[in-house]
Amino acid sequence: MTPARGNRPEHRGTGTEPGADTGPGTGTGPGTGTGPGTGTGPGTGTGPGTGTGFKDPSFRRSLALFRAFRHEQDDPEGCYSLLARDAADQVEAYDGPVKGRTVVDIGGGGGYFTDEFRRRGAHGYLFEPDMRELGPKPPEGAVVADGYLLPLADAVADVCFSSNVLEHVADPGTFLSEMVRVTKPGGLIYVSFTNWLSPWGGHEWAPWHYLGAERARARYSRRTGRPAKHTLGENLFAVHIGPTLRQVRARDDVTVVSARSRYWPFLAQAVAKAPGLREFATWNLLLILRRYP
């Protein structure tokens, strides 16, 4: 249930061009939690005032997120603040509280996720390649940097986080390798993406992408009177679940803790295990990876 609109303040642009480092520091401050957490499944939040309070997965949670997405254009603050709290809940369910730990947010756009991690006491650092996506008030210390070549030393992050970015990079393998590189042994890697055959795979011109990308873009332009933000092969790429899972499972430096639908209201892991069906029914794949010590 990723928003099917083009100007999403959450995420980056193409992720294919290097940016200049315009912010202070590199986000290499020490974290306190380097070992794997004990949680193996999604939880319900971390307490009053910090989480969403929704059980994950549940119809209530999915409905709340869907309603928020519907108002993404007129209330981006409400939409992305809810999504950020939900994502932080998921991170803490798998890895424990982020307080005092280093969280690297790659391609986080306007900084909603970084802000939420900081509210929970984490040392949050945002790396975003597109100045336009950062918006007028990016988080303090945000760095303009490409996800293919982060200005970070090896093994500095307790949590490496990327929300709905992978479908916007031409080389997902290199992007994932960079996430693994900057994560500490035992650290958590959170990656979600909208797969191409999802009903939202074409983003603002979905679901007409099933009839072909160019036809879908042309229809969007006719209907709205403005050009689509995304162009297949330029800033949107056809990323599929099966090949992505095979790629990460073949790595010897990470283990897959969970592969599940990010928003699906029931059987979130089961739907991602069904070859063929998962490419349509998962909607948005969430990968939770653990870097080997």
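# Guided tour of the predicted model

Begin at helix α7, whose buried residues are covered by elements including α5 (172-181), β5, β6 (254-261), α9 (277-281) and β7 (285-291). The coordinates belong to a predicted model.

**Stop 1: helix α7.** Select residues 241-249 and display the side chains. The buried residues of this helix are I241, G242, T244, L245 and V248. They lie on the same side of α7, because the arc they cover around the axis is only 165°.

**Stop 2: helix α5.** Next, select residues 172-181. Helix α5 is largely enclosed by the rest of the structure, since 7 of its 10 residues are buried. Those buried residues are P172, G173, F175, L176, E178, M179 and V180.

**Stop 3: from α5 to a loop.** Keep α5 in view and select R181 together with D154. These two residues form a salt bridge in which the closest N and O atoms are 2.7 Å apart. D154 belongs to the loop between β3 (143-144) and β4, whereas R181 belongs to helix α5, so the pair ties together parts that are 27 residues apart in sequence. D154 is exposed, at 52% relative accessible area, while R181 counts as partly exposed, at 22% relative accessibility.

**Stop 4: further charged pairs.** Side chains of opposite charge can pair when their charged atoms come close. The structure holds 16 salt bridges.

Select D130 and R132, whose side chains meet in a salt bridge with an N to O distance of 3.0 Å. How accessible is D130, buried or exposed? D130 is buried, with a relative accessible area of 12%. R132, by contrast, counts as exposed at 73% relative accessibility.

Then select R217 and E214, which form a salt bridge with an N to O distance of 4.0 Å. Both residues lie in helix α6, 3 residues apart, or about one turn of the helix. R217 counts as buried at 17% relative accessibility, and E214 counts as exposed at 51%.

To finish this stop, select D89, E92, E116, R119 and R120, which a network of salt bridges links together.

**Stop 5: the loop between β5 and α6.**

- At 0% relative accessibility, H203 counts as buried.
- Select A206 and P207, which are joined by a cis peptide bond with omega of about 0°. P207 is placed in the loop between β5 and α6.

Stop 6: Select W283, located in the loop between α9 and β7. W283 has a positive phi of about 70° and is not a glycine. Then select D56 and P57. A cis peptide bond with omega of about 0° joins them, and P57 is in the segment before α1 (59-70).

**Stop 7: the whole chain.** Zoom out and colour by secondary structure. The protein chain has 9 helices and 7 strands. Of its 293 residues, 55% count as buried. The chain exposes about 12000 Å², and carbon and sulfur atoms supply 57% of that area. Among contacts with a separation of 6 or more, 73% involve residues 24 or more positions apart.

**Stop 8: confidence.** Finally, colour by pLDDT. The mean pLDDT of the protein chain is 86, and 83% of the residues reach 70 or more. Which stretch has a pLDDT below 50? Select residues 1-49, over which the pLDDT is below 50. Beyond near neighbours in sequence, this stretch has 173 contacts in the model. Where pLDDT is low, the predicted coordinates should not be read in detail.

How values were computed: Residues are numbered from 1 along each chain as its sequence is written. This is a predicted model: local features need pLDDT of at least 70, side-chain atom pairs count only at pLDDT 80 or more; totals for chains, interfaces and linings use all residues. Side-chain values use heavy atoms; hydrogens and water are left out. Helices (H or I, at least four residues) and strands (E, at least two) are DSSP runs, numbered from the N terminus. Buried means under 20% relative accessible area, exposed over 50%, partly exposed in between (1.4 Å probe, protein chains only). Contact means heavy atoms within 4.5 Å. Accessible areas come from the Shrake-Rupley method with a 1.4 Å probe; for residues, only the protein chains shown count as cover. The arc is that of the directions from the helix axis to the C-beta atoms. pLDDT is the predictor's confidence in each residue, from 0 to 100.
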